[in-house]
Amino acid sequence: MKICVTAKESGIDAQVEERFGRAPYFVFIDEETGDAATVLNTGAGGAGGVGIKSAQIMVDNGAKVVITGQVGGNANSALSAAGIAVYTYRAGGSVKDAVAAYQAGTLQRIL
Amino acid sequence: MQIVIASGKGGTGKSTVAANLAWSRAQEAPVTLVDCDVEEPNLHLFFPGGHTDTPVTRLVPAFDSERCTRCGDCGRFCRFGAIAVLKDRVLFFPEICHSCGGCALVCPNAAITERPISLGRIEERHPLPELRLISGVMNEGEAVGIPVIQAAKEAAAGDAAIILDSSPGTACPVIETVKGSDVCVLVTEATPFGLHDLKLAAEVVSSLGVPACVVINRSCGDEDETEAFCREQGLPVFLRIPFSREIAAVQNRGGLISRDLPDWQAAFAGLYEQVIALAEVQR
Ligand code: SF4
Ligand code: SF4
């Protein structure tokens, strides 16, 4: 299964970004293979609709789980319509830490 | 002739000036008053009575799920992020859509048609034989009021004398309202805050090339700074409405001083003449 973590930089050592739509990067991690791929959020600086554009990136990259700080209303609708689960991570660690916390089952699901 | 009433911020008495100006003018000749403060129209409060409504709509995409192959082109095209294309359906967010029509053009499968949705309405009233009041009313929750302002201005277009009441501040709705007007009346209060807002408003109006003049509301005789600014900028002060208990009492009950207090009808008629003269000189 693919997990996406919103991040401030690319790669799994990057700090987690708490904003979803305006996250600079999305790090996609394949749970089975352990592969990580970073996608630049080209819409991060946009004036509006950034949450939906980001949700589209989740759909296009086949993420089933998103780990981020918070998700706005419209992105919320898009993610839930797409059947993508959202977990909140606010411990201020790296992408790797967030994935470990998710796998340990300690993250709170918000969607 | 199109006169616009503006102010740097709310609460300066802009609507009061617009309503009194229109009322006194309507005693002599036909005039159309347009409430362009579409988020919070209030001119009708001065003129109770029935009205007729015309809806204001905009076009948004409608998706035909039979024809749609979920190719994603429309979502990639929409720079506002109003469309998300999922595996099994297209999600559309009308409140973010700017009604550009582009998604319908790029859809390779002709799966998108356009349908109207409501943005707001235009209310029309005739409180006096010579007074036509048009109010733009934006639906609650709508993000952009510009099309409602445009519709309200269009409804008045062609009338001989038009007075537009803009929304407070200096943001896009104000610019949309001021655009194309012959002259602007800036309503201010002679306080430091009032002066600050007046400066902003004067700048916007002059950048649009509209000649302006000033009405000082709740004047208490101590307005040297405001006067100095107006002199510097070549903004004539055409009227001072003093701070008085009598005036406050009329206004607090939603009345019009031009109707309820002697002399004020003449004062506003005089203001109207001066404003028109200013527009004509500058043309
Ligand atoms: S009409 Fe324009 S703004 Fe609206 S959804 Fe289509 S592309 Fe986006
Ligand atoms: S562009 Fe047309 S076919 Fe492609 S997803 Fe959008 S509506 Fe469907």
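## Model and confidence

pLDDT is the predictor's confidence in each residue, on a scale from 0 to 100. This is a predicted model, where local features need pLDDT of at least 70 and side-chain atom pairs count only at pLDDT 80 or more, while totals for chains, interfaces and linings use all residues. Residues are numbered from 1 along each chain as its sequence is written, chains are lettered from A and ligands numbered from 1 in the order in which they are written, and side-chain values use heavy atoms, with hydrogens and water left out.

Chain B comes out with a mean pLDDT of 93, and 99% of its residues reach 70 or more. For the complex, the predictor gives an ipTM of 0.88 and a pTM of 0.76.

## How the chains meet

Chain B brings 16 residues to the contact and chain A brings 11 residues (contact means heavy atoms within 4.5 Å). Together they bury about 1000 Å², with 55% of that on carbon and sulfur atoms; buried area is the accessible area (1.4 Å probe) that two parts lose on being put together, summed over both. On the chain B side, Gly81(B), Leu86(B) and Phe93(B) supply 35% of the area buried against chain A, more than any other three residues.

Salt bridges between chain B and chain A? The count is 0 (a side-chain nitrogen of Lys or Arg within 4 Å of a carboxyl oxygen of Asp or Glu).
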